[in-house]
Amino acid sequence: MKDGLMKHPVTTTLQAEVERMHSEKMLDGKELPMLMFSATFGRGGFDDVKHFTGLLKLTAVSESEQAISEWQQQAMQLPYTVLAYRSINRHKLHIVVHVAFADGHEATSVEEYVSLLQHAQQQVAVVYQSLIGCEWMSEELQLNKGCATSFDPVVHANEAAQPFPVIIKDDDLLRPYRQTQVTDSGNINDRPSAEEQEYMKLEYYTCLRKALEEHPRKEDEEQALCTLAGYCHKAHLDEEASVHRTLWDWHFHESEDLVRKIFRAAYANDYHGKTISQMNQKERIARTIRNFFERRYQLRYNEVKEMVEYRQNDQTFYPWKPLDDRELRRIAFEEMLEGGHGWLIDINMYVNSSLIKRYNPIFDFLGGVGEWDQQHNYIEMYAQRLKTDFDRWPHFFHRWLLAVVAQAMRKSRDYGNSMVPLLIGPQAMKKTVFCKNILPYSLREYFMDDIKMDNPDQVERVLGRMWLVNIEEYDGKTDDEQAKIKRLLTEKDVQTRKMRSEHYTMKPRLCSFIATTNNYHPLTDPTGSRRYLCVEVKEQVDMSGDINYRQMYAQAVWEIEHGAQYWFDNDDEREIMEHNAQYQQHTSLEDVINNLFVPAKRCKEHFMTATDIQHHLNSVLMKSDVPTLGKLGRILHRQHIPDGSQNGIHGYYLSLREK
């Protein structure tokens, strides 16, 4: 073993074992201990994983010791190699690589960590094989699988090994948001823990007490401020939070401008060893603008709303607000008061650039709900708040909510969520309240009470920006509007155009639909009734008690990720259409046809063309009321009249009803 190797627990253990084996002359490989690199374990054995090391072992094989030696030398030239050493028989080369998610995310579960290692195993093998030409052993990846300690006296180690960036496809869009915390009521907690907040507050007041003890006189207020700013900086407290607390403290009466200047002077430092005087004008502007925002504000780009949101970085954690032009001008003026070098156009360039981190509020919520406790069926518990005689309602609502969540997670790329629960009942039954409360309050801004079908641009924006739309008073929609709604239900992507732009872009559809009506026969087209799930509300919806949104959506995410069906198949649609028949509208013309004809067997004697049927209708209806051939065909189809052809002529199998 060479001197000066990396002082790492793994390499230290390896070196100690090599020295011990040489001293004890252990020549039988069966007596050698095993090294496991990827994890450390507790007293509970291999099921008690304590720590993820981020180390991955790969093994290359060759009959040539010279090839093994050359591969070992070449592997150590790569920046990701932590260790490279030969096996006992000298025909294997063990290479240990440090790996990490390319986006900086850290694994929070054993399953997620194993997934990282599995992807890394494939990607590292390709890179190393192409660069050093080695041949890899095919090994099943297990955390508790290791290799025997080697006698190799020339183990190579690199204390400055860089993490190999592992790129994982966006199959799991929630992965970057898994560390978010969601409360049972559905609120997203993006604050530090209560203990951490209390610690920072106590640290500030410790600094304040020391500053006031050194400058107790009222006329020394400015000196006390300078001392306080210095102590806060040494305590590593955030500048903006310290300024905010100082402005609210009754001991000080100086202006905000002076307080900020004093703290800025105490916290000011150079930029990675480079002072402002050493920069050219463009670099000075860019760095001061970025520094200003990092200190004073938190920014994020809401990709659902397609806008930048902000809040002050003073640990008050007020709700995020849209950064509109008026607020941006105010912030630009604040930067000027600080002596900043940027103009509004420069600040606008930074704020509206991809430097601002993207944020998806739906993913943030779904990624933070955690594990389903599997104690209750929380989805169907919510469905049962709506009292109905339709005993399949909880089951179908369950399936529909899975479709709502799956569409938000972009799971289905072939079709959109095309099912619409249609709640039927008189007013004051809390149907709309039930619809609105499907989403937690923190995401209620992504719920819309209705959609205006006469504005195509608005319709397309709604499909991409709203998670749930309630079609109020569905029966009040015109035939054209209902036809447009039916078309929208099958779309999986949305074509949108930004304001003042001539270019259209494709965006994944987010929106799902639910509907309400007071009309007990709202369906006019039986062929489209498979898109609606009619539910008659018998009693006022019970909205008493808390709704455990965290577990309700954790159940949905868990079931989707474990292969649950979130779409309505042909059998479901057939059952729904049979159930919906009682809510179908029947026109007076349909009643006339039912009174005049009865379906018959498929035989030549009962065959009638549409023209023959029109001829019979002429005898009982005014000429103006006789339907056209097209309309007559649609009515007969709705009535499930058997059709077919005789001698190449299309017609229907009917007989005149006996009087």
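How do strands β5 and β6 pair, in the parallel or antiparallel sense, and over how many bridges? The views below start there.

This is a predicted model, in which local features need pLDDT of at least 70, side-chain atom pairs count only at pLDDT 80 or more, and totals for chains, interfaces and linings use all residues. Residues are numbered from 1 along each chain as its sequence is written, and side-chain values use heavy atoms, with hydrogens and water left out.

**View 1. Strand β5 and its partners.** β5 (residues 81-86) and β6 (residues 92-101) pair in the antiparallel sense over 5 bridges. Two strands pair if DSSP finds at least two bridges between them. Y85 stands opposite H94 in β6. β5 also runs antiparallel to β8 (residues 156-157), joined by 2 bridges. Here A84 faces H156. Of the 6 residues in β5, 6 are buried (under 20% relative accessible area; exposed is over 50%, partly exposed in between; 1.4 Å probe, protein chains only). Strands are DSSP runs of E, at least two residues; helices are runs of H or I, at least four; both are numbered from the N terminus.

**View 2. The two sides of helix α10.** D346, I347, Y350 and V351 are buried in α10 (residues 344-351). They share one side of α10, because they cover an arc of only 130 degrees around the axis. The arc is that of the directions from the helix axis to the C-beta atoms. I345 and M349 are exposed on the other side. The buried residues pack against α8 (281-296), β12 (297-302), β13 (307-312) and α9, contact meaning heavy atoms within 4.5 Å.

**View 3. Salt bridge E445–K305.** The closest N and O atoms are 2.4 Å apart. A salt bridge is a side-chain nitrogen of Lys or Arg within 4 Å of a carboxyl oxygen of Asp or Glu. E445 lies in the loop between α14 (431-436) and β17 (447-448), and K305 in the loop between β12 and β13, so the pair ties together parts 140 residues apart in sequence. K305 is buried, at 17% relative accessible area. E445 is partly exposed, at 44%.

**View 4. Salt bridge E575–R392.** Here the closest N and O atoms are 2.9 Å apart. E575 belongs to helix α18 (residues 570-580), while R392 sits in the loop between α12 (378-383) and α13 (393-408); the pair therefore ties together parts 183 residues apart in sequence. E575 is partly exposed, at 28% relative accessible area. R392 is also partly exposed, at 29%.
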